[in-house]
Amino acid sequence: MCEMNDNERQLVDWLADMQEDDALALAKRMLAEGADPARVLDLCRAAMEIVGKRFEAGEYFLPELVMAGEMLDAVGRLAKPLIRSETGGPKKLGKVLIGSVHGDLHDIGKNIVSFMLDINGFDVKDIGVDAPAQRFIDEIDAFKPDVVGLSGFLTLAFDSMKETIAAFERAGLRGQFKTMIGGGQIDETVRAYTGADAFGINAVEAVALCRNWLGVAA
Amino acid sequence: MNAMIGPYEQSDAAKAAYDARWGRILACVRLEQPDRMPTAMQTFFWPATHAGVSYKELMYDYEKTKQLCFDVVEEFEPDGVYTLVLGAALGPLLDKLDFKQLQWPGHGVRDDQPYQYLDREYMSADEYDEFLFDPTGFYLQKYLPRVAGVFAGFDKLPIFPGLHYFRLCFGVRAFAQPEVRASFERIVAAGEEASVAFAHHVDWANRIAAAGFPLINSAASIAPYDFIADYFRGATGTMKDLYRHKDKLKQVLDKAAIFIARMTIANARAANHPIVFIPIHWAPDRFMSPKQFEEFWWPPFRKLMMLLIEADLIPMPLWESDCTQRLPVIKDVPPGKCIYWFERTDMVAAFEALGDRVALRGNVSPSLLATGKPDEVDAAVKHLVDNVWRKGGKLILDGAFGIPDETPTANVRAMYDAARKYGG
């Protein structure tokens, strides 16, 4: 990100420091005074990078990620209608398809992983909860992901993940992307059982796995 | 002459076995050494897996559920047993309540899948004041109609505080309204079903007691933060409240600690059982910061636990996920009064931090139980015995959150056999 003026630096700091009211008021004022809305969104991305780094460092936890997502959405709602031509934003690092496997209706962890991947520069497609293997396969055909993330909170997800990965094998898709699994009970025992390429116990590990597979420096 | 427990005869041998099992659990609570390491059994749908029937059958067939839940107790002989029938045979009651917060076998999930809670916002952030001012009024007119269809007409009830004299006399008009009348008719039917379900629980509990097996808990409770996060504001809603409505959140948590304690003490006394099971959802290390934990989560929970302890009850929180970093904080309870059940927290670390303060329960890994081999389960139990029990830890052996529904029987057998083999 190029040099920032005082207002811009202040906006990034307030967003990164969870000063929601101050940050949103400043973003609104900057836009009203003619700031480039695309530039304001870039500032948000810079703030989100700081949030992500603080999360990885153990300074921030889930509430801060949720608040960061809220602020990002709020500034986006202010800035996006003012953008005349889509610049498309920065180039994405790779595509990640993610969903909770069939039978499992939980999504809090999956949503956090999606958010962390998104703010770390990945193009994320989240297909929701209780997704059968065929749904994953259809979405893979359309989205062409580099990584597929299978999420599940319950122990029933062990078999659902195993069946989903077996379905990828049968469909001849397995070599086209990496498969990672995550969720409340997931560990190396479950990774071996399901045949996934890797597992992560939190969103930081999910980001690290994707970076590693796509050859992106941390 | 043998004693009778309900309609069931308890032989002298069964009474001695019952007393020995219950004695082991209580010795652990008091931080005294029992004659051998006790075991516990908690599960929801595993008896169905074990017997080869669907989860839906457990949800809807009281007699079958009681029999299968008796069979697993008799087969594996745990020292303390969860209220297995109450945890599984819920189908008819949920139907009659038109309960909205769960999907269950035959109602939103497949017949062979467990029930699942729907994390939603059941109270908006701008309703904190209303809840704080008059929780009962908020329950009656707002909360209950949102979580169960039988209460649909309750939004028509009068505003009770303020009713007086002729206002009170004419205030009862609301009860004649068709929606309110219909609600009460459905509530009575649901209440009757709840009584039937509870009578089946009591019948099963009497039968296992007569066979020599005590319940490890009867009443259950909840941490104030989890109460609000899970059942009112939703998980993400409460996370936002930590920033946007922190003072109101604190006030609600403080108040909730007291009314949750009152409810729990009443239930535990009615059940005449001192141990209170408290599943803990939002304490894990990775969830909130240490500062947030010490500011928001722990104080109201400690307050609740102290109220239970003062009422001669034994809190048994199940600390879900990994709570290793919380150990120094949650140690702040009087010694010999609680059972701390850990899921993914390293039990050796828990023993080292809390061994002089609380009994421990757990924690054979669910992934190992569900997908591993019996010799691996055996080794996991031996690890706990060698590193916790034999070093003086007052450990009640169990799965990390009981027996996962999908567990092969051979692994369950391996867990209980290994407990006997290594734990005396």
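The model is predicted.

Start with chain A. Chain A contains nine helices and five strands. Along the sequence, their order is α-α-α-α-β-α-β-α-β-α-β-α-β-α. Its C-alpha trace spans about 55 × 35 × 30 Å along the principal axes. How does that fit with a compact globule? For 218 residues, a compact globule would have a radius of gyration near 17 Å. Chain A has 19 Å, which agrees. Contacts across the sequence complete the picture. Among contacts in chain A with a separation of 6 or more, 71% join residues 24 or more positions apart.

Now look at one helix pair in chain A. Helix 3 covers residues 37-56, and helix 4 covers residues 62-79. Their axes come within 10 Å and cross at roughly 175 degrees. Angles over 145 degrees count as roughly antiparallel, so helix 3 of chain A is roughly antiparallel to helix 4 of chain A. Which residues meet here? From helix 3 of chain A come Pro37(A), Val40(A), Leu41(A), Cys44(A), Met48(A), Val51(A) and Phe55(A). Helix 4 of chain A answers with Glu64(A), Leu65(A), Ala68(A), Leu72(A), Val75(A), Gly76(A) and Ala79(A). By class, this contact has 12 nonpolar residues, one polar and one charged.

Turn to chain B, where another helix pair crosses at another angle. Helix 11 (residues 224-233) of chain B packs on helix 13 (residues 246-271) of chain B at about 105 degrees. Their axes lie 8 Å apart. Angles of 65 to 115 degrees count as roughly perpendicular, and helix 11 and helix 13 of chain B are therefore roughly perpendicular to each other. On the helix 11 side, the residues are Pro224(B), Tyr225(B), Phe227(B) and Ile228(B). They meet Val252(B), Leu253(B), Ala256(B), Ala257(B) and Ile260(B) in helix 13 of chain B. This contact has nine nonpolar residues, with no polar and no charged ones.

Next come the strands of chain B. Strands of a sheet pair through backbone hydrogen bonds, either parallel or antiparallel. One open sheet in chain B has three strands in the order 6-5-7, with mixed pairing. Strand 6 (108-109) and strand 7 (116-117) of chain B stand at the edges. Each has a single partner strand, so one side of each is left without a neighbour in the sheet. Strand 5 (residues 102-105) of chain B pairs with strand 6 of chain B in the parallel sense, over two bridges. Within that pairing, Trp104(B) stands opposite Gly108(B) in strand 6 of chain B.

Strand 11 (residues 359-364) and strand 12 (residues 395-399) of chain B are joined over five bridges. Gly362(B) has Leu397(B), in strand 12 of chain B, as its bridge partner. Is strand 12 of chain B mostly covered or exposed? Strand 12 of chain B is mostly covered, with five of its five residues buried.

Finally, the two chains meet. Here 28 residues of chain B are in contact with 23 residues of chain A. On the chain B side, helix 12 (235-244) and helix 17 (366-371) each supply at least two residues. Helix 12 of chain B gives the most, with six residues. The chain B side divides into 12 nonpolar, 10 polar and six charged residues.

Note on methods: Residues are numbered from 1 along each chain as its sequence is written. Chains are lettered from A and ligands numbered from 1 in the order in which they are written. This is a predicted model: local features need pLDDT of at least 70, side-chain atom pairs count only at pLDDT 80 or more; totals for chains, interfaces and linings use all residues. Two strands pair if DSSP finds at least two bridges between them. Helices (H or I, at least four residues) and strands (E, at least two) are DSSP runs, numbered from the N terminus. Two residues are in contact if their C-beta atoms, placed from the backbone, lie within 7 Å. Ala, Val, Leu, Ile, Met, Phe, Trp, Tyr, Cys and Pro count as nonpolar, Asp, Glu, Lys and Arg as charged, and the others, Gly among them, as polar. Axes are lines fitted to C-alpha atoms, for helices over the stretch in contact, and angles run from 0 to 180 degrees between N-to-C directions. Angles under 35 degrees count as roughly parallel, over 145 as roughly antiparallel, 65 to 115 as roughly perpendicular and the rest as oblique. The radius of gyration is taken over C-alpha atoms; the globule rule is 2.2 Å times the number of residues to the power 0.38. A residue is buried if 20 or more other C-beta atoms lie within 10 Å of its own, exposed if 12 or fewer, and partly exposed in between; C-beta atoms are placed from the backbone.
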